[in-house]
Structures are given as C-alpha cells and as structure tokens.
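Visitor: I am new to this structure. Please take one part of it and go through it closely, with attention to the aromatic rings.

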Amino acid sequence: MGEAERDLDAVVVGAGFSGLYMLHRLRGLGLRAAVLEAGDGVGGTWYWNRYPGARCDSESYYYSYSFDEDLQQEWEWSERYPGQPEILRYLDHVADRFDLRRDIRFGTRVAEAAFDADAGRWRLRTTDGERFTARFFITAVGCLSAANVPDIPGLDSFRGRWFHTGRWPHEGVDFTGLRVGVVGTGSTGIQAIPVIAEQARHLTVFQRTANYSIPARNGPMEAAFQREVKDGYEAIRRTQRASTNGHPFDVSERPALSVSEEERRAVYEAAWERGGLRFRAAFADLLTSKEANDTASEFLRAKIREIVRDPATAEKLVPRDHPFATKRPPIDTDYFETYNRDDVTLVDVRETPIVEITADGLRTTAETHALDRLVFATGFDALTGPLLAMDIRGTGGRTLREKWAEGPRTYLGLQVAGFPNMFTITGPGSPSVLTNMPTSIEQHVDWIADCIAHLRERGLERIEATEEAERAWGEHVEEAAHATLLPLAATSWYLGANVPGKPRVFLPYAGGFAAYARRCAEVAESGYEGFIRT
Ligand code: N01
C-alpha cells in the first residue's frame, strides 16, 4: 500500500474505445484525469480478443470514431470488416495522435472504489495497493470483458492447453497437427471455427445452441469506396445517429408480410448476397412480429440445409429454439461450409451433454473425444460482470453487488442511485451491445463530459440519479425489451441466461439508439431531470 494517494479530478477505468475518448474529452475540459487499465496496452476488447478469425461485425468505415474530422479523413481501412490487429493499430494510433498514453496507467487493475461522502470523493485502490482519489469515477470497462469459463468438472486435470477466446495469448496459438475442441457457437466461435479448422489435424465443435449466421462477404476496401465514404462522412454519421442500431443504413419500412412470397424471397436473397448485419434491416418488423420473423428464420434454415452436405449435421446446425436475431446474430466467413470438411465433427451437447473434462479430452454422455487443445468460445458475463468485478461502494458503504443482487438498476444506463459522481459508459440499461459500439460510446462520453462541464460552470460538486428516476427507467427498459421479440431467446446473454445464477433481467435498452440519445439530451436540457445536483 506504500504509496500516497494520487489526487485527481476524474479517474477512468479502462483504455478501450470508451476510455480513450473519455480521457480526451476530460483533458479538453482542463481536468486532471487518469485512465487505469489492466492490460499492458490500449484497445480493451481488441487488446484481449486475439483469437483466430477475430474481426469486427460492423464495417470498418463506421466502426470508428467520428469526433475528429482529420482522424476519419486520414485513417485508411484496408478491409470491409476490420480484423482485430487492424482495430488495435487504429486505437494505438488514436492514443498516440492525441497524446493519451501519458495519462494511462497500464497493468493496473482496480480492486475497489468507494465513495467518501464527507469528502465528496471517490477513493480507489488497485490490486497492487496503489491509491487514487477523484471527484468523478467513470467506468469504461466494456460490456463483454469478463470472460465466462464454464465450470466443467475436471478442467484442472486436462493435460493439453486450454484457452478462452477473450484472453488469447499474445504470441498466438499454433494448432498445426493437433486435435482441437471448440466449445461454443456464438459470434466468436463462428468466427474462430473455420480458421482453426484450416490449421488443426481435427476439430470437434461442441454446440449447445444452434445459431443463425449470415455471410459477412468480407473483402478489401476498394479505393473508390474509401473515397466515397470520406466524402460522405457527414451524412454517414448523421444516419448512424438517427438509427436504431448506430449503423449507417436505413431499416426497410415495409413489413415482411406486405409483399408476396416471391418478392420476400428475392429481398432475402439480395440481403444474403450483400451479407452482414444489414440482413436484419430487410423488413421493418423482423424484430417485432413473430410471423414476420418466421419468414427470415425459415429462409436462413433453408440456407443451412443447402450448404451443409450431411443432412444429419445440417439438422443439428438448424436453430429451432429462438427466432432469428433475438440472440445477437453472428456473421461469418465459411462457417457452415466448414462442416463439409472430413476433419471437422459437430457434437450437439444438448443431445449428449458434457459430463467432464479428462486428462486427454472431453467426455459427453455418449463418448470421449480425445483432444490436445480446448478453446472456450463461451462468451462473457455481459454488462454487469466487469462492473461487479470491482468492489464498488456508494453512499453509506452499500456495495453495487448488494444493490444489483436482483439485476442491475440504473438511470439511463449512465448512473446508479446511491453512487454519486459515478458514470457507467455503455452501462446496463443503455443501448450498448444492441448498437454499433463506437456510436453509443461517443454519445455517452459526450453526455458525461457535458454533464461535468455543466456542474463545474455552476460550481456544483455532485450529481446523483434519484431512486425514482432509476425505477421509472428500469420499467421503461423492461417495456422496451418486451415491445420486441428479443426476450424470446431464453438462453441469451442479453438476459444474463448464459451465466449460472445470474439474475434474468434484460440488460441493454432495446428502444433504439436515436430515441435513447434524444431522451438523454432532453434530460440534460431540462436541467438534469431525475438527478440531484448539489
Ligand atoms: O459469446 P456468446 P461470444 N457448455 O455468449 C456456449 C460480441 N462479439 O463470445 O447459446 C456448452 O454469444 C453458448 O451456448 P448457449 C457479440 O455481441 C462481437 O460468441 O448459451 N456451451 C454459445 O454458443 C456477441 O454476441 C464480435 O446455449 C456453452 C457460446 O458458448 C458477443 O460478443 C465478435 C457453455 C457463447 O456465445 C458474445 O459472443 C465476436 C457451456 N457450459 C463477439 N457456456 C464483433 O463483431 C456457453 N456456451 C466485434
């Protein structure tokens, strides 16, 4: 504990997309700010997720910052979808370009943050015993950063090496000549499986829930398109901010059943050929009408049966237990095609559940699979996990863990009643993971920076959400989810259902980015309705 407390105006936890921009804005306000980052470099998600095939599902030209015109004009993306190394290079560039590193403390994990009501300051302690105090405590910890490694008996006895995709070794992993098992077929597994299959001697995929997936259709960023994007950035960013998901394309205004079957099929075929998450925008009501969604789900099931040659394998891969896009839809490069390889086996662990991991492999109720390497693409303790990994204590010493015992409660996903001057960038109850993240991140960071500027201009020291505003927002988040089909996916991490014992609460705000951003702006303009400022 040796060192004296370091005294700051604001402490930000995390140096990914959120933390970097937050630091830049705080500096712009003339605040003394520091970012505490557990990793040894910037990048957050893109620092940790170095698994084979790691790539963004949003297109590069809009999965990027918009706050600096020179940056967006000068940075050149090389592919339609940026790979992890390219995004990390981009974030490294941003850190250098805006001279951010001098205020980032790497290799520093926050263990505890407690609000000292008398002093009106947050007191933070790191796992190494360093101490910081600050008026404002801002979490920029990401939504998908607490790895979820399933508690399978026998993992300790495994003689081979095992990995979680979100904690991938920096030096990479060579699977050449090895028998590899992958557990999990979410977005991550679906990206990694085709790439690992190329290298491994044999790949066994352990699937619990079959998933829909749309081809990404990745390719080089053509010079003409790059030019078009740069010339059109103003309109692109405007469209993103006016959209539901922070993507720069409009959702069709036509309901799926308003057109003939033939026309609908043509629309889906065109969307399939174009590829990517835009498939969801093919019709207006794919996420609000089960009948409409059934047409898309059935189209995608037929595609799986068309691609996968072995009918028994195809049937295992066909999703039946949730409508399309009620779980975050993956996009892929040759995912279903991979099951046509002789050296890839699919095991349905709902049919034959995993019993244990042994010294030499993985045993299901049907057989033992001999493995040299095991990859857990089993996702994350989403949204609340990274926050609850810190011991956060608000007024009166009440912990965030106690407060959220039955699920997270926030006002606008930005603040928690009882935790003054703490801001949660893309926290639970904000659109976050239902959107293109940089769009949501910039909106949150700008709102927080403007709020801090507002307090300073008026000589105020503290802002805190009221219990009442928080309760009303929680009800609205619940309503917004139920106005969509999203809660129908019973095993979704949106609901916390992937982590045993986690409360089942719909975590992100499903009312759309534009409506949400409007609400945040109205709250600020009204003099911070729902907050107490002192
Ligand atoms: O995690 P997931 P992910 N035994 O939770 C299975 C974002 N992302 O890392 O569905 C057996 O989606 C689990 O099965 P089930 C994106 O938002 C973005 O793939 O729970 N299986 C599922 O198949 C995405 O949604 C990009 O029944 C077990 C899988 O593991 C989010 O990250 C790229 C199991 C986990 O899927 C998370 O994706 C990649 C067990 N005990 C990811 N436990 C970009 O574009 C879990 N599973 C930037």
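Guide: Phe17 is buried, with a relative accessible area of 5%. The model is a predicted one, and its aromatic pairs come to a count of 39. In one of them, Phe17 pairs with Tyr63. Their ring centres are 5.2 Å apart and their planes stand at 75 degrees, an edge-to-face arrangement, because planes over 60 degrees apart count as edge-to-face. Phe17 belongs to helix α1, residues 17-28, while Tyr63 sits in the loop between α2 (45-48) and α3 (69-74). The two are 46 residues apart, and the pair thus links distant parts of the chain. Tyr63 is buried as well, at a relative accessible area of 8%.

A second pair joins Tyr21 and Phe67. This one is stacked, with 4.4 Å from centre to centre and 15 degrees between the planes; planes under 30 degrees apart count as stacked. Tyr21 lies in helix α1 and Phe67 in the loop between α2 and α3, so this pair ties together parts that are 46 residues apart in sequence. Tyr21 is buried, with a relative accessible area of 5%. Phe67, by contrast, is partly exposed, and its relative accessible area is 23%. The cut-off explains the two labels, because buried means under 20%.

Both pairs have their place in a wider group. Ring pairs link Phe17, Tyr21, Tyr63 and Phe67 into a cluster with Trp46, Tyr65, Trp75, Trp77, Tyr90 and Phe98.

Notes. Residues numbered from 1 in each chain as written. Predicted model: local features only at pLDDT ≥ 70, side-chain atom pairs only at ≥ 80, totals over all residues. Heavy atoms only, no water. Phe/Tyr/Trp six-rings, centres within 6.5 Å; stacked < 30°, edge-to-face > 60°. Helix = DSSP H or I, 4+ residues; strand = E, 2+ residues; numbered from the N terminus. Buried < 20%, exposed > 50% of the residue type's maximum accessible area, 1.4 Å probe, protein only.
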